[in-house]
Amino acid sequence: MTITELLSLALFAAVGAWLLLSRWPKMGWLPAATLALTAWVLSLAPLVWGAFLLLAALMVLTSALVTLPPPALKRVDQWRGYAQGACALSFGAIACQYALHVMQLWDGVPWIARPDLVDGFLPIAAGIQLQAWLVEGYWDSHHPAGVILLLLTLLASLGVKRAFCGWVCPLGWLGERLYQLRRSLWPARLTPPPWLDWPLRSIKYLLLGSIVALVLSLGGKGSVGFLQGQYHQAADLKMWTLFASPTLVTALCVVLVVVIMALRRGALCRYLCPYGAWLAIGGLLSPFKVRRNPQRCLKEARGMACDKCTRACPAGIPVDRRGTVHSDECNSCQRCVSACPVKGAVTSCLPGHRLPLSPQALALWLMVVMLVLPFLLHGAGMWQSGTDPELRTLLLNNLNFLGH
Ligand code: SF4
Ligand code: SF4
């Protein structure tokens, strides 16, 4: 992993350690497991992780003497906002590093390393890699982080539905900023009527279906052949030039997406993103769902005309009229939970209102899946791209001549 990836991960790991240690008496073995893991990843980057280990040791020492307060965030969606902001910051730093890496590549072998996280932006390649692995047992060494992230986001959604969209995705963060900006200039709430909303929501599934159809059309052997070709080896560079030197069509598409994001909160996830569709499918299988407890809800328990949870929901889900939210558009943003005046009347939990997810638990689940597992795979040598930097330079200088 490169320095920006490591610093980003260290930031989240420090917050994770704080979460764990502030709940030390309740969490039992988890802080010890965190420290054991930290000791293991120390071998990956001694300087960065040495500093982190020292910090963690100091925190353990402090927590033994005084009780660490939990981070002072009262509302669940505050946690979400900060988590998504921190992720956007990390992705921004990683994008800058990648830009510098590519600039240096034009002149030869760069000394700024390539952050492998950029492979996460190659969903079609990841699908082909997955098929080659499942059907032919072929593991692609050029962009392995792409297929790993594809599987990890699915794993995350099996636990916490589309929380990746609401808590991690930098495009979700950007969409929220654009939406807020548009509302400050033009305050109207723009929601398409249901007859239009439904077909628009189908677009992301059509895009995902097209990618799946394209991948399946290659078959196992075709996938392996594609992955061994130079077009695939240069896939990230192709993607980069697509946005760094956009054609008129690309520029118009980007403008259209920006306008759509500004018009409606969460519009990119709701209408266009095939990753959102992928996570929605995984989320349908998740046992954790937003559930309303009629014994606590003011509507049933006291006969009051409350609908605060519904009004808070950016996905337009009528939470106050649902016992359990099964909607594929729920991204676990927890705004309904924050808006509810009664503690425990609406929560993300298992059937029977068991195990309600605290924001700490939700954030920790995402950290474990999106940070800890990549560390383990990095240690096993499965995360890093094996493409030779000299080959990358060659590919970049001949990008226009590469076909599939
Ligand atoms: S029901 Fe709506 S407000 Fe509640 S977590 Fe899901 S998307 Fe967010
Ligand atoms: S905001 Fe809370 S009390 Fe009001 S309807 Fe929703 S779950 Fe019930």
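A crossing of two helices counts as right-handed if the near helix is turned clockwise from the far one by less than a right angle, and as left-handed if anticlockwise. Keep that in mind for H6 and H10 in this predicted model, because their crossing is right-handed.

**The helix pair**

Helix H6 covers residues 123-136 and helix H10 residues 194-227; their axes come within 8 Å and cross at roughly 60 degrees. That makes H6 and H10 oblique to each other. As for who touches whom, H6 brings Pro123, Ile124, Gly127, Ile128, Gln129, Gln131, Ala132, Val135 and Glu136 to the contact.

Now for the ligands. Ligand 1 sits among 14 residues, and the closest are Cys313, Cys330, Cys333, Arg335 and Cys336. Ligand 2 has 15 residues around it, with Cys297, Cys306, Lys308, Cys309 and Cys340 coming nearest. Two helices take part in the shell of ligand 2: H16 (298-302) and H17 (308-312) each supply at least two of its residues.

| Shell | Nonpolar | Polar | Charged |
|---|---|---|---|
| Ligand 1 | ten residues | three residues | one residue |

Note on methods: Residues numbered from 1 in each chain as written. Chains lettered and ligands numbered in written order. Predicted model: local features only at pLDDT ≥ 70, side-chain atom pairs only at ≥ 80, totals over all residues. Near = placed C-beta within 6 Å. Nonpolar A, V, L, I, M, F, W, Y, C, P; charged D, E, K, R; others polar. Helix = DSSP H or I, 4+ residues; strand = E, 2+ residues; numbered from the N terminus. Axes fitted to C-alpha atoms, helices over the stretch in contact; angles between N-to-C directions. Parallel < 35°, antiparallel > 145°, perpendicular 65-115°, else oblique. Contact = placed C-beta atoms within 7 Å.
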